[in-house]
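Here is a short briefing for a first look at this model. Please view the sequence and the structure before reading on.

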Amino acid sequence: SKYLKAFDNGSIDKLYSHGGGEKDVMIVLDVSGSMGGMPLSTCQQCLVNDILAKRINTGDRVGLILFQSVVTQHIDLTSDKNQVVRAVQAATAGGGTYMWTAIAQGLSSLLRDNSSRRKVLIALTDGATEDAQTSVAGTLRGIGEKVQTLFITIGLSSSYEAPIRQCCIRDPKRDFIISADNGVAEIEKAWKDVGELLTVSQRIE
């Protein structure tokens with residue numbers, strides 16, 4: 001089916017198709033020490049019960065990167081989403097935040113396949129990263145519209161969010177930062193928004 005997409009500012013965008021085509025989805029999740037307790041457990045529930053259960057369809061592939069001071073888990077794109085579910089459920093928090101290193105690995109996994117499949121990078125962080133964005137920024141500049149980026153930030157100030165916006169939001173009608181306060185309802189809503197964006201395919205011109 002096709003429908004008009006309405007934005008919060010009241011404008012109506014061009015036609016979108018709903019859920020069309022197979023997609024590759026790479027999830028890059030912050031499991032640093034500050035994510036311990038409620039933030040991580042809420043993300044785990046949203047990923048297992050909504051994103052992985054309802055938004056990853058037959059024919060889709062999904063991968064997972066968990067990061068703190070280092071990448072602690074890297075599952076490459078797979079059609080076995082149960083493998084990703086188990087890894088999400090087993091995730092624990094600790095250490096620092098090296099986000100751009102993890103995102104670079106996620107992009108590498110997505111770009112390894114040159115097919116026309118829709119490619120989506122979903123990333124979440126709750127703190128300032130300790131590594132540089134230089135290599136990721138260059139990669140994103142060079143890939144054009146090949147990868148859609150959906151980014152959740154938890155409790156980040158605008159100054160910490162600015163480099164993410166500058167680097168990852170190349171098309172504001174396709175790439176999104178969803179800002180959440182550090183509360184269960186806010187985090188759940190952010191993941192719901194990501195899920196809804198996952199069910200909207202590329203814009204039809």
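This is a predicted model: local features need pLDDT of at least 70, side-chain atom pairs count only at pLDDT 80 or more; totals for chains, interfaces and linings use all residues.

Residues are numbered from 1 along each chain as its sequence is written, and side-chain values use heavy atoms, with hydrogens and water left out.

**Salt bridges: the count and a network**
- A salt bridge here is a side-chain nitrogen of Lys or Arg within 4 Å of a carboxyl oxygen of Asp or Glu.
- By this rule, the model has eleven salt bridges.
- One network of salt bridges links Glu 22, Asp 24, Arg 61, Asp 113 and Arg 117.

**Arg 117 and Glu 22**
- Arg 117 and Glu 22 form a salt bridge through their side chains, at 2.9 Å from N to O.
- Arg 117 sits in the loop between helix 3 (99–111) and strand 6 (118–125), and Glu 22 in the loop between strand 2 (12–18) and strand 3 (23–30), so the pair ties together parts 95 residues apart in sequence.
- Helices (H or I, at least four residues) and strands (E, at least two) are DSSP runs, numbered from the N terminus.
- Arg 117 is buried, at 17% relative accessibility, while Glu 22 is partly exposed, at 42%.
- Buried means under 20% relative accessible area, exposed means over 50%, and partly exposed lies in between (1.4 Å probe, protein chains only).

**Arg 112 and Asp 76**
- The side chains of Arg 112 and Asp 76 make a salt bridge of 2.5 Å, N to O.
- Arg 112 lies in the loop between helix 3 and strand 6, and Asp 76 in strand 5 (residues 71–78), so this pair ties together parts 36 residues apart in sequence.
- Arg 112 is exposed, at 51% relative accessible area, and Asp 76 is partly exposed, at 34%.

**Asp 175 and Arg 170**
- Asp 175 and Arg 170 form a salt bridge, with their closest N and O atoms 3.7 Å apart.
- Asp 175 is buried, at 2% relative accessibility, whereas Arg 170 is partly exposed, at 27%.

**Helix 5 and its two faces**
- In helix 5 (residues 158–168), the buried residues are Glu 161, Ile 164, Cys 167 and Cys 168.
- Viewed down the axis of helix 5, these buried residues fall within an arc of 125°, so they line one face of the helix.
- That arc is taken from the directions from the helix axis to the C-beta atoms.
- An α-helix has 3.6 residues a turn, so residues three or four places apart point the same way.
- Ser 158, Ser 159 and Gln 166 are exposed, on the face of helix 5 turned away from its buried side.
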